[in-house]
Amino acid sequence: MQADAIVASGLHKSYTTGRVVTPVLRDLSLVLSTGELCLIVGPSGCGKSTLLALLSGLLRPDRGSVRACGSELGRLDVAALDRFRLQHTGFVFQGFNLFPALTALEQVAVPLGYLGLRRDAAYARAAAALDEVGLAARRGARPAELSGGEKQRVAIARALAKQPRLVFADEPTSALDAANGQIVIDLLHRAARRHDTCVVCVSHDPRLIGHADRVLRMEDGRLLSDERRAASPAVPTPETPA
Ligand code: ADP
């Protein structure tokens, strides 16, 4: 059953460099649901990453509010915001952000320790998450031994293993070829449905549009359109090119 995962109201955000104030978001409001992948598309510089940072509590708006998983983020102090992100959010980045020295299994298991999981529980959960992204056989590989597509799948497993209510993906397919980009977006899409997660993905890549449940188009710090889509079915298994 879909429920409101994020309610953002009247967001304004500017960056100030010296005396120059650059308005980036202008009175932006939206409601995002659990159980679906919402893709936010728009040209480079239109404010997508800034919006993601506000929705995930990494940045505070100049005006407006974000309510996520029942918490009013503006009312949380820094420590409470850190706890909120630890408990409720997973992140997937363009550059994968993996530790060179760790195996795929360790990349996923080690952060679970911060959630208070015991070592054996963390490793069992990490193994299940790698299985979900089709990398069970690669659990002992380090980043240097993995292709770009495999690295991003490890990063997705790391985000999903926390069992977060919210997953934020910032240009997760930009460093990948078309086939791997499709695998990655389909994994995120499937995870949203399977775990009733709210997945918010920003991208300037229009090829991802067909793989989302909902597409928000941004331009110049504003939402231009909000479209629900019948997304194409997810690929049957991620055991395809990596
Ligand atoms: P997008 O993700 O759509 O490419 P961003 O949210 O990254 O857009 O950036 C929107 C605008 O804000 C751009 O003009 C960018 O140069 C500017 N910007 C982003 N981050 C900062 C910052 N920390 N300081 C100053 N300007 C910034």
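Reply: What follows goes through those topics in turn.

Me: What kind of model is this, and what are the ground rules?

Reply: It is a predicted model, in which local features need pLDDT of at least 70 and side-chain atom pairs count only at pLDDT 80 or more, while totals for chains, interfaces and linings use all residues. Residues are numbered from 1 along each chain as its sequence is written, and side-chain values use heavy atoms, with hydrogens and water left out.

Me: OK, ligand first. Which residues surround the ligand?

Reply: Y15, T17, V24, P43, S44, G45, C46, G47, K48, S49 and T50 surround it. A residue is near a molecule if one of its heavy atoms lies within 4 Å of it.

Me: And by class, how many are nonpolar, polar and charged?

Reply: The shell has four nonpolar, six polar and one charged residues. Here Ala, Val, Leu, Ile, Met, Phe, Trp, Tyr, Cys and Pro count as nonpolar, Asp, Glu, Lys and Arg as charged, and the others, Gly among them, as polar.

Me: Which element gives the largest share of the shell?

Reply: Helix α1 does, with three residues. Helices (H or I, at least four residues) and strands (E, at least two) are DSSP runs, numbered from the N terminus.

Me: Switching to charges. How many salt bridges are there?

Reply: The count is 13 salt bridges, a salt bridge being a side-chain nitrogen of Lys or Arg within 4 Å of a carboxyl oxygen of Asp or Glu.

Me: What does K13 pair with?

Reply: K13 forms a salt bridge with D62, with the closest N and O atoms 3.8 Å apart. K13 is in strand β1 and D62 in the loop between α1 and β4, so the pair ties together parts that are 49 residues apart in sequence.

Me: Are those two buried or exposed?

Reply: K13 is buried at 10% relative accessibility, and D62 is partly exposed at 47%. Buried means under 20% relative accessible area, exposed over 50%, and partly exposed in between (1.4 Å probe, protein chains only).

Me: What about P61, where is that?

Reply: P61 lies in the loop between α1 and β4 and is partly exposed at 25%. P61 and K13 are 48 residues apart in sequence, with their C-alpha atoms 5.3 Å apart.

Me: Which residue does R26 bridge to?

Reply: R26 pairs with D220, the closest N and O atoms being 3.9 Å apart. D220 is in the loop between β9 and β10 and R26 in strand β2, so the bridge ties together parts 194 residues apart in sequence. D220 is exposed, at 51%, while R26 is partly exposed, at 28%.

Me: What else is there among the salt bridges?

Reply: E132 and R194 meet in one at 3.5 Å, N to O. That pair links helix α4 with helix α6, the two residues being 62 apart. R217, E227 and R229 are linked in a salt-bridge network.

Me: Last topic, the backbone. Which residues other than glycine have a positive phi?

Reply: D27, at about 55 degrees, is one of them, and N97, near 55 degrees, is another. Most residues other than glycine have a negative phi.

Me: Where are they?

Reply: D27 is in strand β2 and is exposed at 51%. N97 is in the loop between β6 and α3 and is partly exposed at 43%.
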